[in-house]
Amino acid sequence: IVQYTSLSFKLIQIIMTAAGEMRQYQVVGRKAGTDENPNPEAYRMVIFAPNPVAAKSKFWYFMRQFRKMKKTTGEILDCVELVEKNSRTVKNYGIWLRYDSRSGTHNMYREYRDLKLTGAVSQLYNEMAGRHRCRPRSIQIIRTATLGAGELKRPNGAQFAQKAVKFPLPHRVDSAKRGAKALSDRTFSTVRPTTFLG
């Protein structure tokens with residue numbers, strides 16, 4: 001948060017960061033009621049943000065683009081966090097997004113494996129920052145979907161979505177647990193340990 005203070009005015013600018021895991025919020029808002037239109041139409045948006053304050057800010061950012069509404073002429077009716085029903089099994093997620101790079105605006109599709117959709121979105125923000133130097137404020141998530149094994153397009157996720165998937169363990173180190181033989185019986189040894197067990 002950058003804060004500018006003087007005697008005559010006070011300006012607070014909130015910069016959105018993606019520290020930690022992103023959360024999923026449902027924000028409902030509308031234009032403030034007037035005498036001509038006491039009950040205006042409400043709009044609902046599902047937004048990924050680190051906290052409810054950033055989610056409401058993003059809501060007004062998009063509403064300014066889509067409708068003739070802004071924070072001073074509207075009101076937030078509801079802001080609730082959406083929680084995944086089953087977060088005990090690994091799922092494949094597809095995410096459609098657009099982002100602003102140094103040269104222009106680009107559309108992109110990415111796939112992730114995670115327990116929760118918010119975990120997949122957190123992976124997305126971290127990967128976009130690492131691979132494309134993309135700031136969190138430059139990313140707009142268009143659509144998300146849970147994918148089956150046959151719907152995967154990227155080879156990284158498809159290699160794990162098989163029935164007979166195996167994880168080889170070529171190098172194993174025996175530790176000195178109770179009832180188990182340690183890697184070496186002696187504290188000091190002149191021979192390097194053999195960890196390859198075929």
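**Exercise 1: Tyr99**

Tyr99 is buried, at a relative accessible area of 7%; buried means under 20%, exposed over 50%, partly exposed in between (1.4 Å probe, protein chains only). The model is predicted: local features need pLDDT of at least 70, side-chain atom pairs count only at pLDDT 80 or more, and totals for chains, interfaces and linings use all residues. Residues are numbered from 1 along each chain as its sequence is written, and side-chain values use heavy atoms, with hydrogens and water left out.

Step 1. Strands are DSSP runs of E, at least two residues, and helices are runs of H or I, at least four, numbered from the N terminus.

Step 2. Contact means heavy atoms within 4.5 Å.

Step 3. Tyr99 and Ile139 are 40 residues apart in sequence, yet 4.5 Å apart C-alpha to C-alpha.

**Exercise 2: Gln140**

Task: is Gln140 buried or exposed, and which residues does it touch?

Step 1. Gln140 lies in strand β8.

Step 2. Its relative accessible area is 13%, so Gln140 is buried.

Step 3. Beyond four places in sequence, Gln140 touches Tyr61, Phe62, Leu97 and Arg98.

**Exercise 3: Arg133**

Step 1. Arg133 lies in the loop between α2 (117–132) and β8 (139–147).

Step 2. Its phi is positive, about 55 degrees, although Arg133 is not a glycine. Most residues other than glycine have a negative phi.
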